[in-house]
Structures are given as structure tokens and as C-alpha cells.
Amino acid sequence: MAAHLSYGRVNLNILREAARKELREFLDKCAGSKAIVWDEYLTGPFGLIAQYSLLKEHEVEKMFTLKSGRLPPADVKNIIFFVRPRLELMDIIADNVLSEDKMHSPREFHILFVPRRSMLCEQRLKEQCVLGSFNNIDEYILDLIPYDGDLLSMEYESAFRECYLENDQTSLFHTAKGLMTLQALYGTIPQIFGKGDCARHVANMMLRMKREFAGTQNQILPVFDTLLLLDRNVDLLTPLATQLTYEGLIDEIYGINNGYVKLPPEKFSQKKQGEASKDLPIESKKLQLNSAEELYGEIRDKNFNAVGAALSKKAKVISAAFEERHNAKTVGEIKQFVSQLPHMQAARSSLANHTSIAELIKDITTSEAFFDKLTVEQEFMTGVDTDKVNTYIEDCIAQKDPLIKILRLVCMQSVCNNGLKQKVLDFYKREILQTYGFEHILTLNNLEKGGLLKPQTGSRNNHPTIRKTLKLWMEDANEQNPNDISYVYSGYAPLSIRLTQVLARPGWRSIEEVLKMLPGPHFEERQTLPSGLHKKRQQGENRTTLVFFLGGVTYAEIAALRFLSQMEDSGMEYVVATTKLINGTTWMKSLMDRPESQTA
């Protein structure tokens with residue numbers, strides 16, 4: 001069922017099974033029939049751990065979304081609230097419970113906090129006079145969720161904002177805890193490298209927790225050789241750029257949430273002749289995206305310009321396989337063909353879906369608007385005219401293009417120029433506020449605080465030096481048969497992945513000067529292994545590195561790391577972990593000012 005989690009060097013199904021076991025144990029604590037009331041944000045992450053069938057086996061009969069007012073009727077003994085520790089959610093729960101009590105129902109209430117219990121939330125329930133109504137108040141530690149055989153995410157949407165704007169280190173504590181859980185299941189990671197202030201905090205917390213648990217760790221041969229902790233603010237440029245891999249573009253255009261994408265339905269419906277257009281489906285087409293689907297696993301990390309050729313090659317293979325049926329003469333041959341039919345039909349349906357998605361994306365990537373924006377991005381990346389007001393951005397503001405598009409471009413110019421001249425910055429700010437509204441002044445302040453949009457100080461612009469030393473721009477990037485990670489952005493090699501690549505070979509000592517130009521400290525720690533657990537490496541055996549992005553990672557960066565894993569001479573395999581899977585748009589949204597939602 002979760003074969004796509006166990007294909008790699010590291011069997012991430014073990015982590016999923018551990019999470020499922022804990023969930024079952026909690027559900028069994030609440031004896032009798034149950035209804036779960038979901039904090040809506042949690043339904044996606046939980047869907048990756050447990051399908052409805054598992055909940056059903058443990059007497060879950062109804063599921064509702066957490067909303068104010070009275071709970072929908074349900075003839076069950078237990079009502080369980082699955083919620084994040086947020087104060088505003090406690091008010092809704094109190095409202096639900098008080099509405100129930102008026103009916104004098106004999107039901108039992110329980111709360112499961114994800115990922116941690118919160119004193120503040122319990123205090124709020126007490127103030128609302130409902131704390132005593134709960135039979136069980138517990139926590140379900142869902143830190144790292146397996147998305148694919150080489151990908152883990154905490155889906156902690158506000159991690160970057162909390163760390164860089166609010167000076168709140170809650171997400172770093174959860175990260176350290178998640179890494180301790182990982183070490184309990186996969187063995188102690190002998191080497192830890194890191195770059196950035198948050199990386200330093202996480203490493204310190206891990207080492208402290210390890211000392212506290214001294215003597216109780218499992219005797220497991222380490223699966224990971226190295227852990228690399230990278231702060232998102234070490235590389236602010238990469239998420240701002242438009243991703244150009246197939247998976248990256250699906251995320252940029254339609255958004256991938258918890259492994260699913262919703263697409264416009266018209267490309268997916270087979271319109272019969274004479275059928276009126278009003279009969280076409282209006283429901284979005286929802287598809288699951290992971291390597292369990294063979295074709296998706298093959299094309300997701302390709303540059304989009306190489307996807308068309310891959311799909312047409314696949315179409316020829318599939319149609320040749322179907323033609324084989326004419327050659328089946330004997331009963332045995334016919335039987336063999338019939339046994340392969342379900343797999344062939346699934347492959348054909350998968351091909352039809354991805355051809356439709358590729359057509360949808362192509363309509364956008366071949367447009368003049370897409371090309372113009374990409375041209376400006378690439379000019380910034382190569383250092384062209386980054387120190388003056390950009391006429392393209394000026395025109396986009398005048399045409400009232402989406403604000404997020406403007407913010408991404410202005411921040412990109414700022415990052416590539418190590419800040420903007422004061423008069424350029426003032427011009428952009430004035431234009432944005434006059435066009436989009438003065439309420440966005442708080443968003444601009446947030447971007448400044450996060451280091452994305454800032455005035456130039458006296459210090460020199462280090463970006464050209466960093467770009468040159470780390471080869472961040474490759475003029476002749478090969479999109480069809482790549483030989484370098486720069487293919488994921490058609491020329492730009494993500495800084496974060498270059499750092500990872502250099503760490504593996506020849507090592508960070510070779511780029512000491514550049515590391516000093518990037519924010520935050522860089523460090524190395526060694527964790528001692530219990531005696532007898534030192535790995536004997538076989539001839540030619542690859543090492544495994546866990547790369548943890550604190551503050552978010554893009555699908556294009558993941559594609560670049562997969563590319564490095566597949567390079568024959570790299571000798572290294574990578575597993576990716578992150579606080580959140582992001583793209584430039586979702587990242588900007590998390591930094592835009594919004595009514596403060598209180599987290600406890």
C-alpha cells in the first residue's frame with residue numbers, strides 16, 4: 001500500500017508504521033463508537049499516515065470539520081477533537097462542547113493535540129469552563145510525515161515566519177524532536193553539518209536531548225551517515241525563482257497539497273460527439289502525485305522542456321505493448337497478455353493524465369507573459385541591471401498584476417543585488433502601496449525583517465562573488481540530458497544544493513570565504529555511536545545524507561538533489577526533510593501580514 005515509501009536506501013515506511021501504531025493506541029483508549037472532529041489543516045497530513053479504513057477498524061463512524069456552533073448529530077459514544085494547539089480553535093471547541101451540554105447528552109469528549117499539548121490552550125478551555133468535560137487530553141507527535149521514498153515534511157506552514165519575523169523557536173524544537181524520533185528508528189547519525197542560526201539551534205537542541213537520553217538509545221546500525229541542516233535564509237533566492245521542472249511547475253501553477261493536486265476538469269473529460277458543453281464536469285480533477293505511479297516517478301524531476309519527448313516515447317512503448325495481443329496465439333500467450341492487461345491499462349490512463357497536465361502547463365509556459373517574466377528573473381540572476389528600477393516590474397505594477405508576482409520579483413532583485421539603493425526601494429514601496437493599498441505596508445516591513453527586501457548598506461555586494469565561486473549560473477544548461485543541477489531552473493543552480501554538493505566533495509573547507517559571506521555560522525558536530533555500531537562500508541557502497549531545510553524547500557531543489565543521487569560518480573544518496581514544502585507564492589503568502597492567529 002505504501003510501496004513508494006520503501007523503494008530507497010532508507011525505508012520510510014518504518015516511520016509511517018510507527019505513526020500509525022500510535023494513532024491506533026490512542027483510538028483504542030477511547031472505548032466504543034467515535035466521531036472525529038478535525039482541525040481542517042490536519043486532514044491532509046493525516047491522510048498520508050492513515051486512510052479512513054484504519055480509522056473505521058477502530059470504531060470511527062463519523063468525521064466532521066471543526067466549526068462553531070452545535071456539532072452535527074452522531075449516534076456515538078466518543079467525540080474526539082484532533083487539533084493544532086491554537087487558542088482560536090479552543091474557543092470553537094468550547095462552543096461545540098457547551099452546545100452539546102445543553103442537550104444533556106452522555107457523550108465523552110477527548111482532545112488530541114498535534115504535534116504537542118499546550119498549557120495555554122488548556123488554560124483557555126478552563127476559562128471557558130469546559131476543561132472538566134474532557135476525559136482524555138493527549139498529544140499526537142506527528143513531526144515528520146513521509147511523502148515519498150526520499151522525502152519527509154513537517155508541513156509546519158509558519159516555520160520561516162516564526163523564526164525570522166517573530167523570533168519564535170517552536171518549529172526548531174519540533175524539528176529537533178522529529179530528528180530524535182528519526183534517530184530512534186534509524187540509528188544515531190554520526191556527522192552533523194549545518195549552516196545558519198536556526199541550524200545551530202537545532203543541532204544544539206539535538207545534542208542536549210541526546211545527553212538527556214544517554215544510555216537509553218537503541219542499538220541500531222546507523223542508516224544515515226550525515227545530517228546537513230540548512231537555513232532557508234542562507235539561500236533566499238531559490239524559492240523566489242520560477243521552478244522549471246515538471247513537478248515544480250505543477251506546484252507553481254496549481255499548487256500541490258499533501259501530495260495531491262486539483263486541476264481544471266475540461267482537459268480530462270472525454271467529450272462525446274454532439275454532447276453539449278454544459279454536460280462537462282465542473283468538479284476539479286484531483287490527482288495523487290508520488291513515485292507509486294511509475295510514469296510520474298520518471299518525469300517529475302525533468303525540466304519541462306524534456307517532458308514532451310518522454311511522454312511520446314512512453315506512448316510508443318504502451319501502444320506496442322497493446323499491439324502484442326495480435327501475436328498471442330496459444331492459450332498460454334493469451335493468458336499472459338490478459339494478466340498484464342490491468343498494468344497496461346493503468347499505464348495508459350496515467351499517460352493520458354500526464355499528457356493533459358503537460359498541455360495545461362504548456363499553454364502557460366509558451367505564453368508571452370511567462371517568457372517576459374522568466375527573462376527578467378534570469379537577468380537578475382546573472383546580475384544584469386539589478387541596481388536600478390526595473391521597467392518590467394514598473395509596467396506590471398501599472399497593469400495591477402497579482403501582488404505576489406510583484407513581491408517575488410522585487411525581492412529577487414533585492415537579494416541578487418544585496419539590497420536595493422534607497423531611492424529604488426522607496427520607489428517600489430510607494431508604487432506598491434499606491435496601487436495595491438496602504439494595508440500592505442506591514443507586509444513590506446515583514447519582507448524587510450526577513451531579509452528579502454532591504455536597503456543597501458555600505459558593505460559591498462557579495463552576490464557576484466558567490467555566484468562565480470559556486471557556479472550558480474551555467475550558460476549552457478542542458479535541459480534534455482542534464483549534466484549539472486542547473487537544469488532545474490534552465491541555467492541557475494540552486495545555492496542550497498551547490499552547498500550540499502560541495503560538502504560531499506571536496507568539502508566545505510574549499511569554500512570557507514564564500515560561507516563567511518552567507519548569513520549565520522557554519523559548523524560540524526560528531527555524535528558518538530554505541531560501541532560495535534560502526535558501519536563497515538562495502539566496496540562502492542553509497543553514503544546517505546539527510547538534508548534538512550529549515551524554513552521550507554521547493555520541488556526544484558528536491559529534483560536537483562535526486563539528480564545528484566543518481567549521478568554515477570557522486571557516491572552519495574540524499575533524503576530530503578523540511579519544515580514545509582513551499583513555492584515562491586505560498587512562501588510570500590506566509591509572510592504577508594494577516595490578522596494574527598495566536599499559536600500557543
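Of the 167 residues in the largest nonpolar core, which touch the most other members? Leu229 and Leu499 do. This is a predicted model, in which local features need pLDDT of at least 70 and side-chain atom pairs count only at pLDDT 80 or more, while totals for chains, interfaces and linings use all residues. Residues are numbered from 1 along each chain as its sequence is written, and side-chain values use heavy atoms, with hydrogens and water left out.

**View 1. Leu499 in the largest nonpolar core.** A nonpolar core here is a set of buried Ala, Val, Leu, Ile, Met, Phe, Trp, Tyr and Cys residues joined through side-chain atoms within 4.5 Å. Buried means under 20% relative accessible area (1.4 Å probe, protein chains only; exposed is over 50%, partly exposed in between). Helix α16 (residues 403-416) gives this core the most, 10 residues; helices are DSSP runs of H or I, at least four residues, numbered from the N terminus. Leaving out residues up to four places away in sequence, Leu499 touches Leu230, Val234, Leu470, Trp508, Ile511, Leu515 and Leu518, where contact means heavy atoms within 4.5 Å. Another core, of 25 residues, lies apart from it, and Phe64, Val76, Ile79 and Val97 are among its members.

**View 2. Helix α12 against helix α13.** The axes of α12 (residues 307-323) and α13 (residues 331-365) come within 10 Å and cross at roughly 155 degrees. Axes are lines fitted to C-alpha atoms over the stretch in contact, with angles from 0 to 180 degrees between N-to-C directions. The pair is therefore roughly antiparallel, the label for angles over 145 degrees. From α12, the contact includes Leu311, Ala315 and Phe322; from α13, it includes Phe337, Leu341 and Leu351. The crossing is left-handed, so the near helix is turned anticlockwise from the far one by less than a right angle.

**View 3. Helix α14 alongside α16.** Here the axes of α14 (residues 368-381) and α16 come within 9 Å and cross at roughly 20 degrees. That makes the two roughly parallel, meaning under 35 degrees. Lys373, Val376, Glu377, Phe380 and Met381 of α14 meet Lys405, Leu409, Met412, Gln413 and Cys416 of α16. This crossing is left-handed too.

View 4. A disulfide is a pair of cysteine sulfur atoms within 2.5 Å, and the count comes to 0. Cys121 is buried at 0% relative accessibility, and Cys416 is buried at 2%.

Definitions and conventions. Angles under 35 degrees count as roughly parallel, over 145 as roughly antiparallel, 65 to 115 as roughly perpendicular and the rest as oblique.
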